[in-house]
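Trainee: I should like to go through the terms used for this model and set each value against its definition. Where should we begin?

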Amino acid sequence: AGCGGKKATTGGGGGDGKKSLKVGLAYDVGGRGDKSFNDAAYAGLQKVQKELKLDVKDLEAKEGESDNDKIQRLELLAKSGYNPVVAVGFVYATALGKVAPKYPNTKFAIVDDDTIQQPNVTDLLFAEQEGSYLVGAAAAKKSQTGNIGFIGGVQTPLIKKFEAGYVAGAKKINPKIKVQIKYISQPPDFSGFKDPAKGKTIAQGMYDQGADVVYASAGLSGTGSLEAATAAKKWFIGVDSDQWQTASAAEKPYVLTSMLKRVDTAVFNFVKSVGDGTVQKGDVRFSLKNDGIDYSTSNPQALGDMTTTLNDLKQQIISGKITPPEK
Amino acid sequence: MIYRLFARSWTRTLVAAFVALVFSIALTSIVLSISGFNPPSTFQAMFEFGKEPDSIVNTLNKASSYYLSALAVAVGFRMNLFNIGVDGQYRLAAMLAAAAGGAWNLPVVLHQIVIVAVAVLVGGLWAAVPALLKVTRGVSEVISTIMLNFIATGIIAYLLNPGRLAVQLGPNNIGTKTISHSGRVPGTPFPGTDLKLYSLLVLAILAGIGFWFMINRTRFGFDLRATGLSQSAAVASGVDARRMVVMAMVISGAIAGLIGMPQLLGESYTYSLNFPTGIGLTGIGIALLGRNGPVGIAFASLLWAFLDVSSQILDFNDIPKEIVAITQAAVLLSVVVVYEVVNRVGQRIDQRHVAAQLGEVAA
Amino acid sequence: MIEQEIRTPAPDTGDRERRRTRVLVVGGGIFVALILLRLITGESDITSSGTMGATLALAVPIGMAALGGMWSERSGVINIGLEGMMTFGTWGAAFASYFSGNPWLGLLGGIVAGAVGGLLHAVATVTFGVDHIVSGVAINILAPGVTRYLSDLLFTDEKGGGATQSPPLPSFPTWSVPGVGKPLGSLEKHHWILVSDLAGLVRGVLTDLSPITLLGILLVPVSYYLLWRTAFGLRLRSCGENPVAAESLGVKVYRMKYSAVVISGALAGIGGVFLAMVASSNYQEGQVNGRGYIGLAAMIFGNWRPGMVAGGAGLFGYTDALQLRGGAGAVHAMLLLIGIGLLALAVWRGYRRRVLAAVISTVVAVGVLVWFFLTDALPREIVTYSPHITTLLVLAFAAQRLRMPAADGMRYRRGGGH
Amino acid sequence: MSTTEPAVELHGITKRFPGVVANHDIDIEVAAGTVHAIVGENGAGKSTLMKILYGMQRPDEGTIKVAGVEVALHSPSDAIARGIGMVHQHFMLADNLSVLENVVLGAEKLHGIGGRARRRIREISDQYGLGVEPDRLVEQLGVGARQRVEILKVLYRGAKILILDEPTAVLVPQEVEELFGNLRELKREGLTVIFISHKLDEVLSVADTITVIRRGTTVDTVRPGDVTARQLAELMVGSELPVPELRESTVTDVPVLTMDGVTVRDATGRAVVDDVSLTIHEGEILGIAGVEGNGQAELVEAIMGMLPLDAGVIRLGDTELTGMATRRRREAGIGFIPEDRHRHGLLLESPLWENRILGHQTRPPNVKRGRRGGATGGKAGVLIDRQGFRSDTERIVRDYDVRTPNIDVTAASLSGGNQQKLIVGREMSNDPKLLIAAHPTRGVDVGAQSAIWDHLRHARAEGLAVLLISADLDELIGMSDTLRVILRGRLVGEADPATITPDQLGSLMTGAGEGSAA
Ligand SMILES: Nc1ncnc2c1ncn2[C@@H]1O[C@H](COP(=O)(O)OP(=O)(O)OP(=O)(O)O)[C@@H](O)[C@H]1O
Ligand SMILES: Nc1ncnc2c1ncn2[C@@H]1O[C@H](COP(=O)(O)OP(=O)(O)OP(=O)(O)O)[C@@H](O)[C@H]1O
Ligand SMILES: [Mg+2]
Ligand SMILES: [Mg+2]
């Protein structure tokens, strides 16, 4: 946030003659800078701002807040003429379910949830298990010890999806592979997404016990795991965004790949479709098929020739020959 | 005149609160100015937003949980018992009550009563653990309740699993089975908004009255206060200090059990991954701000909730809304300091007054 | 009055010696028990260098908080605000190191930020006589608000920063005792009884040390020396035992308490520096995550004495390391140790004719052992909190033997004595 | 003895506390190399004056000269630097530190805190025959030894002027003699001693000069040869002293309190109350004499149920008290005037009417009667009766002459005597059968003192049984029907108050004259 003065706090109900959209976005707890899906959503928003030249407004959530706070946040955006409005994270499900019917002319989207049945709500869903499957395969290919690790930030259904895909992908390459699995915290304690110290300790433990590739699906805690990888000179797999990009020069060589969850693409496409009038109602599924899910190839030295195998698997998933498990 | 002003403890509290508020507003303004924002327009934006019907409802709803939480803390504070564990107590209580409410289908009224009773029971029992550790093993309740907060999280995590007490609520959310209509308490409409007031706000009011009555009108309340004012004098007067510790802690935990009820029965109907957390810790601050009195706490929780709610507009105006946290902390710290000073001045004036009235010059 | 002294023991010249032996015996005993446990259960991680290293890394921030608490309470001021002071420390470290690019300035920044928190506590408790717990709680509420506000102001426009975190920070160089890592590492691999365990222990403690870890370890004997072997320390402790007496002998009680609480904050700040810059590579909101409170528990467990306080932090760090690295298996193995320990306690109590206590211990011990033999692993959710459960259990068994400074937590007014 | 400058001169010293003028225009000159006594009643302002001289408190007005030089004493260190040392009325020792640490504290520059200091302490201890062992924890020491540590503390700092604030209060006569021997020794070495007491015979025996303080101001300075104890007393009080005495005996043969083989052990297993048996009858005041710290406090707490018994039986009338909770004992008819009214008798920050409830929480007029009254004797209700105790507080204030503007002021704002009268009034309410009175007139002014004695005499005539504990031997002898002596937790002797003198009682208290003097 810059030192801006007051922007419009109240506004007409979006009824200006010009059809210039104002885009609102409400983050999940953690907000901008979580190196995870909030950040990805922000990236999408920036793209909207840059390429579509639209007015944007992003609001943050507070830890431990109630549904009413979320309702007010969404209403604040809708009431002030922001349209479309994107809610980042399933935590907004209940709130959006109540707000959406009140603003039938506003287009809403929610990330990671499909429980709201409203005509003006688009669900942005991701097949994380598909991307995880691919990086699992990459890990198994890369591993010389036949021992790899998975670190989950918080043991929620969402993160378990990552785990399931990863394990299945690894087993596909090497059925006898050993996968060490560890979650940092348990819901409702969400500190596991932001405790790099523990992310580091756990990764160290995994490397000490023979793993040579670790996949951290743990938000910020993953940065600790990457440090451990660098110290141990072993492999690390990032999540959500391409962590090779944000890694330091010393760390880059150890980032094998990242599982990409294109929340940015999803947000951008959704906003664009609202502008085009081609907005899709109901579920929009992002997967390998439509590039909403992918793996990164920013460290080609590390990946070497395994890309062929991975791309082959990717095709099999897209074509439906392989269906990575969600649980 | 000054004597009159300082004669009663509630006037002292009022003076302290006022001074602290002025101080905090000044401090907040300074911080805002230094960061390049305009304090008056910031406050005005907060105020404008805060008085919208939506905000009022949200403030009142929030204040009801805060109030119960602070009350729970205050029961302990009144006898110098630091129940830092309200947070764990209310979360565990809300979770188990939600699970019970979802699992058992009972007729209306009975259903609600059972849910609330489970919450009260769980809260009280969980609070009994540190109490018993204190009286039998001499473990400081400050440390044990902090540890028990963590352990409560572990227990909740263990139970809140599909196959145990949880069901899948959405692709990414789990929670206890949703409580059926017979167990819910419909909200009360409020003019100008379709947000509803939690009807169980009345629980907070009742608890407040009960607390006031207990402290000021019952023997138990007297014993409680006496123990807080001077444990040695209370023991000499026949108060059983160990029993008081257990009783106060259990009552505190029982009230803590109520914290989640307005939200649970009036809004979410399930204890899921996004059930509000941390209210127990907020309650500590509010209890201190309200000087552990039922009326003071009411004002304090309203103020706190108002600041929380209206902070949303700051974000909207690109002002870091954490300024509110600074205001809250400043109010809190300054109110305890100012109260200490006011109290000391008050006592001195008191003694002078007594001496003057009696015309005593020498010792 | 001579007759009243008849019962007093002979001058305690052997006291310190005895205490030192006891520390060695207890420490050695635990170590041997762990080795046995490793043999029985086959969980090699129980004594591995990795576990020891992780123990150290997890124990340092807690130990710093605990040491800070000890300084403060030795002067008679309860410091429950350690959590907030650590938070200040994490932020101060991030601010100073990021904008200067120098990790050492980060250390300084963390120390100063923590000390400022301590100063605030001192002003409230010493000068204004506010209840110590109340002031501490207020500081714990203040710290996250202030740091978040400042982060929003200062970090959001930096690459990788935000309202809840700082950009990546410069890191400290690490250091190993030369010539130790390799040979010990190969020794450790053999899983020879005792030799490998010892090698693991030594290697874990002597390799890949950050300067902050070294500083933390060093501060334990330094604290001991300053508090028990210098005039300053004597004066400081006297304020925690009997401030009126201290004042009557010309000790500047306020000044001592101020120093102690500010030092306490600075130590907590070092804990924060460790969290932000060594354990991870950036400041992160909520990073302290209760470690200040746990430090307080470690301090109580350590009976307000540096050696034992460090031991308390170590115990917590060890349990945490075990649960994070080994997870359910290793912690499950610990059940066996707890069960046997409790049985031993029961026997000892029976020997001392404390029948009820012996019976209770036996019942608990049998319960734990049955649990061990009937299950293969503990629920993951519970294992995560095994350090907290351990702390609670340890306090429940040890609390009565503890002795806090006599005037700890009391409000003291200058000239307020009789 | 040089007759140059006086060692200390105090001129026009005034010190005000909120509501109290503790010192008012005080003038004293202390000649070097003498023992100068300052006498005055409880609360006359002696300690305050000495704290001013020791830099612990700043005077509001007045000047202080040490060896002819005017000084400003901002802290004890200033005083210490000028060779002034003080042994306080209440020991200033940290229990959990060693003797060595207590002694060197604040004077570490002299000989460090290690071996040199230890040697120096041994030296001083040997020189004055103090018998102090540097490495022992203070908590392991008895009262006498603690006092010698205090004196050593002062000597260690090389003090030339020694202030002793009521050093004899906790000593028995024989120990007092030893102490006076030490003081004379100090005087011979050229030290100046300022000695505070309100025990006149002691003062007359040891002092070279005596200054009398009354109500905060100096009234006269005299030489011991020129006055009698009686004259000195009248200077102190400004009027005739009230005398504690009982008229005819009202003792009946109805036992009220019976203790049989009562034993209480402390945490270390030592018997602090050892096989105590006694009986108090209706209309009888039984006094317990003993040096402080010989089990009196524990005895009282055992009767009140605040300490568990290790052996023995306590009965009130026919009711067995053993194992009964404190509250039940109070309900059974025990009133309790505690030794330390601030710790055990009052809620200082609460108004007087709330203090009326304390200790009587279950009885009218403080609580409303429960529903199930009648047959079971009216079980107390759970609600307090505001009207009831407010008006009863008014009654106590009236009947016991508690000086207060109203009953809404806090207990803390009353003077000590008035606080004590409130407690006495409260404990006499609800017609107790037994009153435990521990130091009932300690720290109370003369008027209040005789009022409290009157109340005790009156209640005794009506059949009250009283257990009286006091350090004031005149009070004990004057007010008791029966006297027992406690030593190291055991009742070691019985004395007849009609014939015994304070001196004889004193030797019984030390165990010198074992057995019965009656
Ligand atoms: N971290 C440390 N590193 C090295 N030695 C230490 C450390 N801490 C304490 N010691 C030494 O170990 C001994 C025991 O430590 P501890 O502080 O627990 O005992 P203590 O009870 O304080 O001993 P003392 O009687 O000397 O005061 C101390 O005498 C001290 O010299
Ligand atoms: N710090 C204080 N604050 C308020 N009043 C005080 C303080 N210290 C002493 N006083 C009051 O000043 C008066 C004189 O007290 P002081 O202790 O000097 O008397 P004393 O002559 O030493 O009595 P005693 O023989 O009981 O020791 C008393 O009324 C006491 O209550
Ligand atoms: Mg030590
Ligand atoms: Mg005195």
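Mentor: We begin with buried area, which is the accessible area (1.4 Å probe) that two parts lose on being put together, summed over both. Between chain B and chain D this area is about 3,300 Å², and carbon and sulfur atoms give 58% of it. This is a predicted model, in which local features need pLDDT of at least 70 and side-chain atom pairs count only at pLDDT 80 or more, whereas totals for chains, interfaces and linings use all residues. Residues are numbered from 1 along each chain as its sequence is written, chains are lettered from A and ligands numbered from 1 in the order in which they are written, and side-chain values use heavy atoms, with hydrogens and water left out.

Trainee: How many residues of chain B and of chain D does the contact take?

Mentor: Contact means heavy atoms within 4.5 Å. By that criterion, 34 residues from chain B and 42 residues from chain D take part.

Trainee: What makes the pair D:Arg327 and B:Asp223 a salt bridge?

Mentor: The term requires a side-chain nitrogen of Lys or Arg within 4 Å of a carboxyl oxygen of Asp or Glu. D:Arg327 and B:Asp223 have an N to O distance of 3.0 Å, so the pair meets the rule. The count between chain B and chain D is two salt bridges, and over all chains it comes to 54.

Trainee: What is the extent of the contact between chain A and chain B, and what area do they bury between them?

Mentor: 47 residues of chain A touch 40 residues of chain B. The two chains bury about 3,800 Å² between them, 51% of it on carbon and sulfur atoms. A:Asn68, A:Gln72 and A:Pro188 supply 18% of the area that chain A buries against chain B, more than any other three residues. Seven salt bridges are counted between these chains; one of them joins B:Lys62 to A:Asp69, with the closest N and O atoms 2.6 Å apart.

Trainee: Why does the salt bridge of A:Glu75 with A:Lys102 count as a link between distant parts of the chain?

Mentor: The closest N and O atoms of A:Glu75 and A:Lys102 are 2.5 Å apart. The two residues are 27 apart, with A:Glu75 in helix α2 (residues 67-79) of chain A and A:Lys102 in the loop between α3 (93-99) and β4 (108-111). These elements are DSSP runs numbered from the N terminus: helices are H or I, at least four residues, and strands are E, at least two.

Trainee: What makes a space a cavity, and how many does the structure hold?

Mentor: On a 1 Å grid over the protein atoms alone, a cavity is a set of points where a 1.4 Å probe fits but cannot get out, and lining residues have an atom within 4 Å of a point. Grid points are joined across faces, edges and corners, and the volume is the space filled by probe spheres set on the points. The structure holds six cavities of 30 Å³ or more.

Trainee: How far can one trust residues 1-18 of chain A, and what is their pLDDT?

Mentor: The pLDDT is the predictor's confidence in each residue, from 0 to 100. Over residues 1-18 of chain A it stays under 50, although the mean of chain A is 87. Where pLDDT is low, the predicted coordinates should not be read in detail. For the complex, the predictor gives an ipTM of 0.84 and a pTM of 0.86.

Terms used: 1 Å grid on protein atoms, 1.4 Å probe; cavity = no way out; pocket = protein on both sides within 12 Å on 5 of 7 lines; lining within 4 Å.
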